[in-house]
Amino acid sequence: MTEFRTIGRSIPRPDAFDKVTGGKHYPVNVSLPGMLHAKLLRSPLPHARILSIDTSEAERLPGVRAVLVPDEVPRIPLTPVYFTPVQSPTMVQDFVVMSRQVRWAGQPVAAVAADTPEIAEQALELIAVEYEELPTVFDPEEAMAEGAPQLHEHAPGNIAKHEVFSMGDLEQGFAEADHVFEGVYQTQRVHTCYMEPRVCVVDSDTDGRLTVWSSMQHAFGLREKLAFALGIPESRVNVVKPRYIGGGFGGKLDMGFIEPIAALLSRKTGRPVRAEQSRGEDFITTARHPIKVYLRTGVKKDGTFTARHIKSILDAGAHATHGSEVIMVHGLFGTLFPWKCPNQTWEGFAVYTNNMIGGGYRGYGAPQGCFAVESQNDEICEALGLDPIEFRLRNTWREGDPHPAIEGHTLNTYRLEDCLRQGAERIGFGERRPAASGEGTKRRGIGFACHPLWVSGCVGFPDIYEHAGAIVKLNRDATADVVTACVDLGCGQITVLTQIVAEELQLPPESVRLSYADTDIAPFDAPTHASRATYSAGLAVQAAARDARRRLLEAAGHVMGADPQTLVLEEGRVMVRGQPDSARPMAEIIARAEAPWIEVGPEGPVPTTLEEKGTIMGLACQAPPSNPSPVGAEFVEVEVDTETGEVKVLRVVYAHDVGRLLHRSGAEGQVEGGFQQGMGYALMEQMVFDEETGAHLTGDFLDYKIPTAVEMPRSIEAIFIESDEPSGPYGAKSLSEMCLIVPAAAIANAVYNATGARIRDLPITPEKVLRALGKL
Amino acid sequence: MKQLIELEINGQRQELLVEPHTSLLQCLREQAFLKGAKRGCDSGGCGCCTVLVDGRAVYSCMTLVMSVEGRSITTVEGLSGEGALDPVQQAFIDAGAVQCGYCTCGMMMAARQLLDDNPDPSEEEIRKGIAGNLCRCTGYAKIVEAIRLAASRRQGHSVGEAG
Ligand code: FES
Ligand code: FES
């Protein structure tokens, strides 16, 4: 195995020092002289037409600088999702920044910019809006039914998207089955709960060019969407990449309302405008879509799948936005491709309702799919008395199989079996007791779930940005600056990209700095999403560092009178391989390359012959070569109180084929944090809305409970399997999303093992447990 | 009506002109320009805004600045003295307890009060001690580890001094 200098070491995170001493660089801290503050007026009604808006009183309030109403906002429908083109043919373009047509309670209908946030808030109360109320529908299946209120002209039956994928012969497959299982699995609407609110500052230059600071997950996506929404060329917008943001998890993967509104208000006033959402507004800006999955599966006696029919109904809310893609990813990567079944049909609907818009959330459709499929897989094993681990292995892929989703690619590294066996052994799965065999009120159970196919990016879809780019620039003090648009949401991109450059240039990590970047100067990089950053952005940064190293060695060859091919880097020095005496400081070579056009030789100044004079820098702009699948299996032990219905997770073991472990502590952090979100999803989190008015009722952390340190299990163990993925940086592939795809199904299966209660709709609340146990 | 009040922030006396409804969080961030305390919810639900008032951890978003007139406020900026990090800060770095970091400053203030009250807390005591502070990234495992590490280092430190 190759020896690495920095890769694989848990180096201190380069951003940690700043974060423990105050955290200067969050977008929420951006402040400009003369800055105004914007607030949005939101509709209290879920479906209405605006008849009139009177802003005269608001405008008269001292300190109010501008008011914005729908008629002043360009009506340019688009998809605000960052990872596809605004007019992507696979997405639905139905999002407009402001409209007189209201489709959900919370939709912005006017905005104010004022000297202080308080004045802006006060002014909102002075705006008089007259609405004509329209009939509403909140349930997607009701919305699909005949006679339901229609939300969009372009979508009869409220169908935002309908897709069908088939393989094999379904009828034949069911005919071959010895047993057929059917179930309906329902998931709920949850929020990513990033801790830093969505915020932006937009400054319009005298010529109308915009500079934008925002807490988004993608600088280039925001540039594209914002320019399009305003009807201006992209080059008229410069988006500054935040050095880091306070969490995202997919919840900051689309342009919200605040960026275009702040931009318009800045243009109107000539002043920088800041907009920060309240927690309540954040809740209704983005959420994971609820999906109802109808699952019918045919199996042979030995557990081999013969047929599967899946129907998925996604509640898109008032606008399709992410919903038109989540439904696809859910269908293909959440249910169809992970399992080996010759005859399958998946049918998916994304349906308009008068609910809030959905968004991206770590796993992007797969947690909903995994919950359904892995719950049913467990039911099948239980009913047929099959070994659940052998059952999974029988119906999944093997290393070396053709990639089921991406033509011409192979599953080069694929260690699901190791994940399952090592995880099972660590938790003691062999000694697991039969379901519901415990005594007393507190019953323990063990369950697991796996997801046998996922992504390290998005290669394979025609429409999704996947390119990455980076610049690596060497300084005369033997340090490197890295310009990349890749945003660190907290998952550790700053750390990993630093490690990669340090490794390639054989520098200490402290000598590598991820520097300022904006869309004016950085090469395009796809968003931090789809578990792609380490793999795709990592490969680009590695290529840029290698390009810089090549130029450095060429310059060194010239300075040292050696063939660059014979030179190596070591500890900040350049030397001829195997000849430590020849070593020259890297700093000297870089300085020589940057020196004026003469060199000082023994006979005085002589013209240089160095061809590439000046700053040594490397550049890479590239597509990722493949999309290796990570795999993971999670085992949990729970304790269920059969008197109160409360479920407590005691222990978690998560095994994951990560390709190569670049930073153990960071990787463990992904597993631990992913489980926390997964446990919240499984047991407690749910956004609740008023059935009549559609108003959100769980808009703060007192009503929307997420796991605290007390509810979390005391033990979360991570097992990393290093399969050395040939296409990845140093053999690495992805990790983050899988950690949140599997927990809900694992917990549901463990609850079943403990109590015999099979709960098919999330979250598994005490009430549902008691009901399932016949105690309510 | 604005009113002039005096606070001691991180050991320095400061006069500030505040409104009756101004929260301590607002005042720290916008008037004292200390950005360590963060707003995560503004409603007492997340703990990102935690600071110490006379050594006690409070949600600064739920504290009217008028109500702490004349008292001594410690923010994360006041934790590290003379270039050296507080053991809690150092432990958060060393244990890998920082991801996005947005909860970190509030979390460390809660940890500081916990350790001041109870220099050798058990795991359960640590978990209870930070139950009012949400983190969405880490699952708390490394935060608990960091606080344990800080506790042992602080004890080692005072034993060393006594010896
Ligand atoms: S901001 Fe104070 S508790 Fe959330
Ligand atoms: S580190 Fe992100 S919220 Fe705690």
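# Domains, sheets and a helix pair in a predicted model

Modeller: Chain A is divided into domain 1 (378-459 + 627-772) and domain 2 (467-622). Domain bounds come from an automatic or database domain assignment. This is a predicted model: local features need pLDDT of at least 70, side-chain atom pairs count only at pLDDT 80 or more, and totals for chains, interfaces and linings use all residues. Residues are numbered from 1 along each chain as its sequence is written, chains are lettered from A and ligands numbered from 1 in the order written, and side-chain values use heavy atoms, without hydrogens or water.

Biologist: How many residues does each domain of chain A bring to the contact?

Modeller: Contact means heavy atoms within 4.5 Å. Domain 1 of chain A gives 19 residues and domain 2 of chain A gives 17. Their centres, taken over C-alpha atoms, are 41 Å apart.

Biologist: What is the domain assignment of chain B?

Modeller: Chain B has domain 1 (3-78) and domain 2 (87-154). The C-alpha centres of these two domains of chain B are separated by 21 Å. In contact are 18 residues of domain 1 of chain B and 14 residues of domain 2 of chain B.

Biologist: Now the sheets. What is the order of the four strands in the open sheet of chain A?

Modeller: General idea first. Strands of a sheet pair through backbone hydrogen bonds, either parallel or antiparallel. Two strands count as paired if DSSP finds at least two bridges between them. Helices (H or I, at least four residues) and strands (E, at least two) are DSSP runs, numbered from the N terminus. Here the order is 16-26-27-28 in chain A, with mixed pairing.

Biologist: Why is one side of strand 16 and of strand 28 of chain A left without a neighbour in the sheet?

Modeller: Strand 16 (442-451) and strand 28 (715-721) of chain A are at the edges and have a single partner strand each, so one side of each lacks a neighbour in the sheet. The twist averages 15 degrees from one strand to the next. Strand 16 of chain A pairs with strand 26 (residues 631-641) of chain A in the antiparallel sense, over 10 bridges. Look at A:His451: opposite is A:Gly632 in strand 26 of chain A.

Biologist: Which strands does helix 18 of chain A touch?

Modeller: Helix 18 (residues 743-755) of chain A packs on the sheet against strand 16, strand 26 and strand 27 (647-657) of chain A. Its direction makes about 145 degrees with that of strand 16 of chain A. Axes are lines fitted to C-alpha atoms, for helices over the stretch in contact, and angles run from 0 to 180 degrees between N-to-C directions.

Biologist: How do helix 16 and helix 18 of chain A cross?

Modeller: Two packed helices are described by the angle between their axes and the distance between the axes. The axes of helix 16 (residues 664-683) and helix 18 of chain A come within 8 Å and cross at roughly 55 degrees. That makes helix 16 of chain A oblique to helix 18 of chain A. Angles under 35 degrees count as roughly parallel, over 145 as roughly antiparallel, 65 to 115 as roughly perpendicular and the rest as oblique.

Biologist: Which residues make the contact?

Modeller: Among them are A:Gly674, A:Phe675 and A:Met679 of helix 16 of chain A, and A:Pro743, A:Ala744 and A:Ile747 of helix 18 of chain A. By class, the contact has eight nonpolar, two polar and no charged residues. Ala, Val, Leu, Ile, Met, Phe, Trp, Tyr, Cys and Pro count as nonpolar, Asp, Glu, Lys and Arg as charged, and the others, Gly among them, as polar.
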